[in-house]
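Subject: Structure for your review

Dear colleague,

Please find the structure below, together with its sequence. A short account of the findings follows.

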Amino acid sequence: MVTGAAPLRIGVLGCAEIARRRMLPAFAAYPGTHLAAVAGRDPERARATAEPYGARPVHGYRNLLAMDDIDAVYVPLPAALHHTWAEAALHAGKHVLAEKPLTTDARATARLLRLAEERGLALAENTMFVHHPQHTAVRELVDAGAIGELRSFRAEFTVPRFPADDIRLQPELGGGALWDTGVYPVRAALHLLGPELEAVGAVLTEDPAHGVDTHGAALLRTPSGVTAHLTFGLDHGYASVYELCGSRGRLTLDRAFTPPAGHPPLLRTETREGRRELRLDPFDQVTAAVAAFTEAATAGTPPDPAVLRQADLLAAVRGLATTPDPTTAPRPRS
């Protein structure tokens, strides 16, 4: 938070569960933001969502964007709607914090980032885990040679099955495992291995009953040959973990992506010399994400280029997973 700056007045487009459970309490508690309004298609739901925070209920998203006393909007809508409403908010002169992924199309992501820069507005994807210092601690251990020369990275984020009518299972709303849980390991690989990653293989398994992918895997690599094996899914036992393997040992982090604010992270290294554990202090990554967005909006910070690189990798994963393998295609008869 910039010292002396007035609180950033936040309007929320939608009453999604993540907004009600995590983000609205964070906006209300953080001194750098003022939760001013909540818009919904259902006036009663908007009222019920806004009322506990003393925020103004608004019927309709465009009505909120037309309000002069809103500086920034948070967009927790289904993934397929992020582009439309983030673009509308930017044209209305509002800073934008949107849930991940920012869009489901890399070209649309690039256009939004250009628009934000042209208009001098903050545009951020709400990838909260990158703000947690546990990942900085991981990077420092690797850089210090705790596991030798880095060879590979493995990340997994999977969650149990959702009800059949959940938006994550609706293709017209941008559902599917890649857009929902796949974003996490892809962004983690970028965060720890750098922007020069490229996708070299991918698998997406589709549920024919819903028409969306429910699980998948991707193989990425750096120019130096470090590989990243990523798995994700919507119909699994819960897993939120990554592991880095080096020439001398390995480093593991559990609760990597969605640790509760009171959770003390545990980093484990294993080498020939034995096992070591490093326990870190608890940290609230939700508040940290709100603080980072507030700082970006107040200081006029350009969008993070990692958002576009992530979008490119997600597009590459989907392309590799849906392109037939020429080695298995039927051969023409002679």
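Two strands are taken as paired if DSSP finds at least two bridges between them. Helices (H or I, at least four residues) and strands (E, at least two) are DSSP runs, numbered from the N terminus. This is a predicted model, in which local features need pLDDT of at least 70 and side-chain atom pairs count only at pLDDT 80 or more, while totals for chains, interfaces and linings use all residues. Residues are numbered from 1 along each chain as its sequence is written, and side-chain values use heavy atoms, with hydrogens and water left out.

The sheet and its helices

The chain has ten helices and 14 strands. Eight of the strands form an open sheet with mixed pairing, in the order β8-β9-β10-β7-β11-β12-β13-β14. Strands β8 (198-207) and β14 (274-279) stand at the edges with a single partner strand each, so one side of each has no neighbour in the sheet. On average, neighbouring strands of this sheet are turned by 10° against each other, direction ignored (axes are lines fitted to C-alpha atoms, for helices over the stretch in contact, and angles run from 0 to 180 degrees between N-to-C directions).

Within the sheet, strands β7 (residues 150-158) and β11 (residues 239-246) run antiparallel and are joined by eight bridges. T158 stands opposite A239 in β11. Helix α8 packs on the sheet and touches β7, β10 (227-233) and β11, where contact means heavy atoms within 4.5 Å. The direction of α8 makes about 155° with that of β7. Helix α10 (residues 306-322) lies across β8 and β9 (212-221) and runs at about 60° to β8.

Salt bridges

A search of the whole structure finds 22 salt bridges, each defined as a side-chain nitrogen of Lys or Arg within 4 Å of a carboxyl oxygen of Asp or Glu. For the residues involved, buried means under 20% relative accessible area, exposed over 50%, and partly exposed in between (1.4 Å probe, protein chains only).

- E125 and R187 form a salt bridge, with the closest N and O atoms 3.3 Å apart. The pair links distant parts of the chain, since E125 is in strand β6 (residues 123-125) and R187 in helix α8 (residues 183-193), 62 residues apart. E125 is buried, at 9% relative accessible area, and R187 counts as buried at 6%.
- D71 and R9 form a salt bridge, their closest N and O atoms being 2.8 Å apart. This pair also joins distant parts of the chain: D71 is in the loop between α3 (61-65) and β4 (72-75), and R9 in strand β1 (residues 8-13), 62 residues apart. R9 is partly exposed, with a relative accessible area of 32%.
- E270 and R275 meet through their side chains in a salt bridge (3.8 Å, N to O). E270 is partly exposed at 38%, whereas R275 is exposed at 70%.

The chain as a whole

Of the 334 residues of the chain, 51% count as buried. Along its principal axes, the C-alpha trace spans about 60 × 60 × 40 Å. Among contacts in the chain with a separation of 6 or more, 66% are between residues 24 or more positions apart.

Yours sincerely
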